[in-house]
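Hello,

Here is the structure I promised to pass on. Have a look at it first, and my notes follow below.

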Amino acid sequence: EFNLQSQHDNLKLGVSLRIPDGRPRGILQLVHGMAEHRERYHDFMDFCAEQGLIVIIHDHRGDGASV
């Protein structure tokens, strides 16, 4: 869990990242829907990481930690 800072207006955008053990098979970037937040996808991200994928998702402006 970390934040990226917008260069436009310095808003901190919350980010979640999962990195699998061993050599990754691929990278998956998730994008949540309207009025959702990234934490809803943590279980799915864990599952994907167990399958060998690097997984990343960020909160959109006004959602989750990016308010």
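The side chain of glutamate 36 makes a polar contact with the side chain of tyrosine 41, at 2.7 Å. By polar contact I mean a pair of N or O atoms within 3.5 Å; within protein, one must be able to donate a hydrogen and the other to accept it, and residues adjacent in sequence count only if both atoms are side-chain atoms.

Please bear in mind that this is a predicted model: local features need pLDDT of at least 70, side-chain atom pairs count only at pLDDT 80 or more, and totals for chains, interfaces and linings use all residues. Residues are numbered from 1 along each chain as its sequence is written, and side-chain values use heavy atoms, with hydrogens and water left out.

A polar atom of the glutamate 36 side chain also lies 2.9 Å from the backbone nitrogen of glycine 33. Glutamate 36 sits in the loop between strand S3 (26-30) and helix H1 (42-50); helices (H or I, at least four residues) and strands (E, at least two) are DSSP runs, numbered from the N terminus. With a relative accessible area of 16%, glutamate 36 is buried (under 20%; exposed is over 50%, partly exposed in between; 1.4 Å probe, protein chains only).

Now the sheet. Four strands form an open sheet with mixed pairing, in the order S1-S2-S4-S3; two strands pair if DSSP finds at least two bridges between them. Its edge strands, S1 (2-5) and S3, each pair on one side only. S1 and S2 (residues 12-18) run antiparallel and are joined by four bridges.

Best wishes
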